[in-house]
Amino acid sequence: MVAAVLLWSLVWAAGWPGTVRAKVVQDFQECGWFFHNKMPPQGFLGRSRLRICQRFKNHYHFATLYRTDLRIPVYSAYRYPCSMGEREAYRPSPWFHEPQIDNQNADSEMRSSTKARSTKQATDADYQDSGYDRGHLYPFALNDKESATATCTLTNAVPEEHGANVKWYQEVEAVAGRLSRVCRKSGRTMYLLTGSANPSRTKVNNRVSVPRTVWTALCCTVSPEPEPDHNRDPCLGDRAPPEGHDVLLYDRDFSFAFTKEMKPERAAKHLTVRELQKTLPVEALFLRCRGTSDSDERQTFEEVEGLIGNKIINPVNNTGSPALRPFGHEAAAVTFRSVCTYLLVPGRSAVLALSQGVLHLAPVLHGAATVGALLLVNAFSILINNPRDKQGLTPLGYQHAHA
């Protein structure tokens with residue numbers, strides 16, 4: 001009888017998500033909400049891979065598939081918005097590591113990487129004086145509070161040259177962050193995957209593999225419905241302030257992908273998710289996300305490129321392709337409408353006809369005015385910087401990099 005009770009208790013504890021504390025897990029069920037439709041990517045199977053529900057301060061903050069033979073992550077899965085915890089974000093020193101990779105009976109939360117060596121994962125000592133940065137997969141700056149702090153674990157990092165790390169931030173992380181805010185402004189959730197590929201022969205400290213390629217895929221889709229308390233999605237409790245007026249409103253689902261050969265001189269590439277899947281190659285990164293099928297792949301890609309280019313997007317209808325209009329068109333349109341409605345009430349029908357005609361020409365007028373202004377500024381600059389006795393012009397360059 002006692003044995004039966006004990007067996008029933010063990011089965012109950014294993015089946016009830018709130019009672020399981022292990023972070024190195026058999027599957028991602030404990031932290032499945034970081035994946036679109038709770039489905040991890042398909043096609044990353046292989047030996048020496050561990051699934052980690054990344055736990056810090058009694059919260060799961062993201063999920064990672066980790067290769068113990070290379071001592072680097074295959075990918076990390078995360079969401080926006082999803083900031084948990086009370087404390088402000090900070091960058092720990094040393095970084096964290098996962099105790100259960102080396103000892104399955106160890107504590108379930110990430111801890112400071114004070115060990116000088118580990119047989120199955122990188123340690124902070126591996127990166128010291130190596131000439132390589134600890135390159136985040138899940139970026140520190142996307143979310144906030146303890147969720148940001150939790151990204152500083154070596155199971156979420158790959159060795160990157162400093163110049164390539166800076167370029168990755170500028171060309172991919174910052175752009176993905178902007179798209180994530182656009183997604184949230186429409187009431188949706190952004191699901192993101194960032195991973196490494198093509199391991200090189202170079203190893204940091206003769207232990208930690210240096211990948212040739214880093215990639216990111218994203219899927220913006222409707223937010224999941226709340227579930228019962230025992231399996232509650234903690235990301236739905238994010239109380240971050242609403243996105244600002246500077247964030248574009250684009251009321252459609254979308255997907256997109258980036259990849260970069262991790263050399264400073266190599267520019268990041270923009271791809272569809274299906275193109276990235278063929279490059280890796282894997283079966284599927286997301287299931288049923290707009291832009292991942294033949295019927296909508298190219299249209300979705302062009303629309304997101306328009307968002308990245310800071311264009312105003314006005315969908316023509318619910319099925320047609322949205323029009324991409326130059327930034328500033330909407331401001332000009334509002335001005336004309338205001339003049340027509342409030343200042344020129346007498347003879348309104350004539351003014352309305354005239355203003356409607358001008359509205360159609362607004363993009364052309366805006367572009368012509370912009371080119372004219374640039375020509376005038378350049379001419380004025382030449383006049384004041386080139387006295388008659390000078391033979392040439394020395395250009396002044398400005399470069400800014402985010403470290």
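Which residues have the most contacts inside the largest nonpolar core? Read on through these close-ups of a predicted model, where local features need pLDDT of at least 70, side-chain atom pairs count only at pLDDT 80 or more, and totals for chains, interfaces and linings use all residues. Residues are numbered from 1 along each chain as its sequence is written, and side-chain values use heavy atoms, leaving out hydrogens and water.

**View 1. The largest nonpolar core.** L179, M190, L192, L218, F254 and F258 have the most contacts inside this 52-residue core. A nonpolar core here is a set of buried Ala, Val, Leu, Ile, Met, Phe, Trp, Tyr and Cys residues joined through side-chain atoms within 4.5 Å; buried means under 20% relative accessible area, exposed over 50%, and partly exposed in between (1.4 Å probe, protein chains only). Helix α5, residues 162-185, gives the most to the core, with 8 residues. Helices (H or I, at least four residues) and strands (E, at least two) are DSSP runs, numbered from the N terminus.

**View 2. Two cis peptide bonds.** Most peptide bonds are trans. S93 and P94, though, are joined by a cis bond with omega about 0°, and P94 sits in the loop between β4 (72-80) and β5 (96-97). Another cis bond links L280 to P281, with omega about -15°.

**View 3. A positive phi at R288.** R288 has phi near 55° and is found in the loop between α6 and α7. With a relative accessible area of 70%, R288 is exposed.
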